[in-house]
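Me: I'd like to go through this one with you, a question at a time. Here it is.

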Amino acid sequence: AMADVTIDPGHVGPANASIRVLREDGSEFPADDVKFALDPPVAGPQPISRSAARQTDGTWQVNGLNIGHPGNWTVRVLIGQTNKKSIVLDGPIVVGH
């Protein structure tokens, strides 16, 4: 599995995250549950952690994020499937000023 994460807008302040969970060939990966976490680039601010809501187009959405610092954050996506071990994906994501 892989995840395509977009934070809109991509700068400090209120934002929303859109997540597409995909197979290697680009088709939709079957997920029953998706959780989203965002770890700050510096010590001090609390990490952000939320459950994502599935949308009718197959994406997963997290609204109402409040991103307080610019920099290279770490995004984590936890993909749940019934009767299977969760898949954890992580990587850097840049938040501008």
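Me: Where is the place of Pro9?
Reply: Good spot to start, though keep in mind that this is a predicted model, where local features need pLDDT of at least 70, side-chain atom pairs count only at pLDDT 80 or more, and totals for chains, interfaces and linings use all residues. Residues are numbered from 1 along each chain as its sequence is written, and side-chain values use heavy atoms, with hydrogens and water left out. Asp8 and Pro9 are joined by a cis peptide bond, with omega at about -10 degrees. As for its place, Pro9 sits in the loop between S1 and S2.

Me: How many helices and strands are there in the protein?
Reply: Both are DSSP runs numbered from the N terminus: helices are H or I with at least four residues, strands are E with at least two. From the N terminus on, the elements go β-β-β-β-β-β-β-β. That's zero helices and eight strands.

Me: Why does a radius of gyration of 13 Å agree with a compact globule?
Reply: The radius is taken over C-alpha atoms, and the globule rule is 2.2 Å times the number of residues to the power 0.38. Along the principal axes, the C-alpha atoms fill a box of roughly 35 × 25 × 20 Å. The radius agrees because a compact globule with 97 residues would have one near 13 Å, and the protein has 13 Å.

Me: Which residues have the most contacts inside the largest nonpolar core?
Reply: Such a core is a set of buried Ala, Val, Leu, Ile, Met, Phe, Trp, Tyr and Cys residues joined through side-chain atoms within 4.5 Å; buried means under 20% relative accessible area, exposed over 50%, partly exposed in between (1.4 Å probe, protein chains only). The largest one here has 23 residues, and those with the most contacts inside it are Ile19, Val34, Phe36, Leu38 and Ile67.

Me: Is Gly13 buried or exposed?
Reply: Gly13 lies in strand S2. Leaving aside neighbours within four places in sequence, Gly13 is in contact (heavy atoms within 4.5 Å) with Leu65, Asn66 and Ile67. Its relative accessible area is 12%, so Gly13 is buried.

Me: And Asn83: buried or exposed?
Reply: Asn83 is in the loop between S7 and S8. Although it is not a glycine, Asn83 has a positive phi of about 60 degrees. With a relative accessible area of 80%, Asn83 is exposed.
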